[in-house]
Amino acid sequence: MSNPFAGIRWIWKNGQLIDFEKATVHVLSHALHYGSGVFEGIRCYNTQQGPAVFRLLEHLQRLESSAKVYRMPIAFSTEELAEACCETVRANELEACYIRPIVFRGLGTLGVNPLRSPVEVFIAVWNWGKYLGDEAEQGVEACVSSWRRVTPDSMPATAKATGIYLNGQLIKMEALANGYAEGIGLDARGFVSEGSGENVFLVVDGALITPPVASSILSGITRDTVLTLARDLGIPVREEVVPRGLLYSADEVFFTGTAAEITPIRSIDRIPVGRACPGEVTRRLLAEFKGITSGEIGDRHGWLYPVHSAVRAEVREATAL
Ligand code: PMP
């Protein structure tokens, strides 16, 4: 496998850019032992108007609320973090890339109590292509996992914490071991929850259905994007509990996520989904999503955050008119 970090020279650490090689942590860092970190996954697109980060402020607000749940104070404001993300993209001379801010408990003391370990903030960027494989747009094969998602009273699924991804790793590795690209976890009651790193959508009789936040899901920003685009297109949308059986009888099923974007699912547990993959509704949503992220369709919801501040100022001026 080629090195995804080849050519990356700078990483942002607690307020300044440092060499990629120097962006290391101590082996006794709290987060390494106890999963005490929160993070984000954000995409920057090379739009016709220049590189722009997709829904940057919403991602940073989710980072802040994840940190709040775990009582981690972040020493930077949303605006400072937004500028830091853009600065890291610019310093590495990237256009389309993935941005990974991470906030974690570093080297202090060990023991479960995290409060005596300092809160560190890093931002890294790298090139990341199709998360679920190069052919993902033609549809991936998924399975229902034997692992359940966390219960609402054990860990908040709405906080994007590093530790919770151990559950995701079990789901992912089981799927890969059985020849699938991804697994779908069920919630504590047996209803459909989400993939190891994606939300799930179904199309049934022309309506778009996705599990509610109460089904132990991360409240995905791509999920919100797809719900918004569907409403724009006049497609009926419902956030409601999804019984497992509906996955097999739905006309279309797809994953959404920053890394996975919109990825159609062609079969679940080897049962083909619908008649064609991608189906009609998935195709319409994909076209709209690609149009906006490429800059070919106007950014009517203000989702693109230009990396260069001069472009940002231009956009602000144009929208204020
Ligand atoms: N669920 C999980 C468990 C995830 O890791 C992700 C990826 N962040 C998502 C859903 C999708 O969220 P988003 O669209 O905000 O990337």
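Reply: Accessible areas here come from the Shrake-Rupley method with a 1.4 Å probe. On that basis the protein chain, a predicted model, exposes about 14800 Å², and carbon and sulfur atoms supply 54% of this area. Of its 321 residues, 50% count as buried.

Ser 215 sits in the loop that runs between strand S12 (207-210) and helix H5 (221-232). Buried means under 20% relative accessible area. Ser 215 has a relative accessible area of 0%, so Ser 215 is buried.

The surroundings of Ser 215 come next. Neighbours within four places in sequence aside, Ser 215 is in contact with Asp 187, Arg 189, Phe 191, Val 192, Ser 193 and Val 241. With Asp 187 there is also a polar contact: the two side chains are joined at 3.1 Å.

The rest of the chain gives the setting. The protein chain holds eight helices and 17 strands. Among its contacts with a separation of 6 or more, 70% are between residues 24 or more positions apart. Along the principal axes, the C-alpha atoms fill a box of roughly 55 × 50 × 35 Å. The radius of gyration is 20 Å, which agrees with a compact globule, because a globule of 321 residues would have a value near 20 Å. As for charge, the protein chain has 31 positive and 37 negative charges, and their mean positions are 5 Å apart.

How values were computed
Residues numbered from 1 in each chain as written. Predicted model: local features only at pLDDT ≥ 70, side-chain atom pairs only at ≥ 80, totals over all residues. Heavy atoms only, no water. Helix = DSSP H or I, 4+ residues; strand = E, 2+ residues; numbered from the N terminus. Rg over C-alpha atoms; globule rule 2.2 N^0.38 Å. Buried < 20%, exposed > 50% of the residue type's maximum accessible area, 1.4 Å probe, protein only. Contact = heavy atoms within 4.5 Å. Lys, Arg positive; Asp, Glu negative; His and termini not counted. Charge placed at Lys NZ, Arg CZ, Asp CG, Glu CD. Polar contact = N/O pair within 3.5 Å; in protein donor to acceptor, adjacent residues only side chain to side chain.
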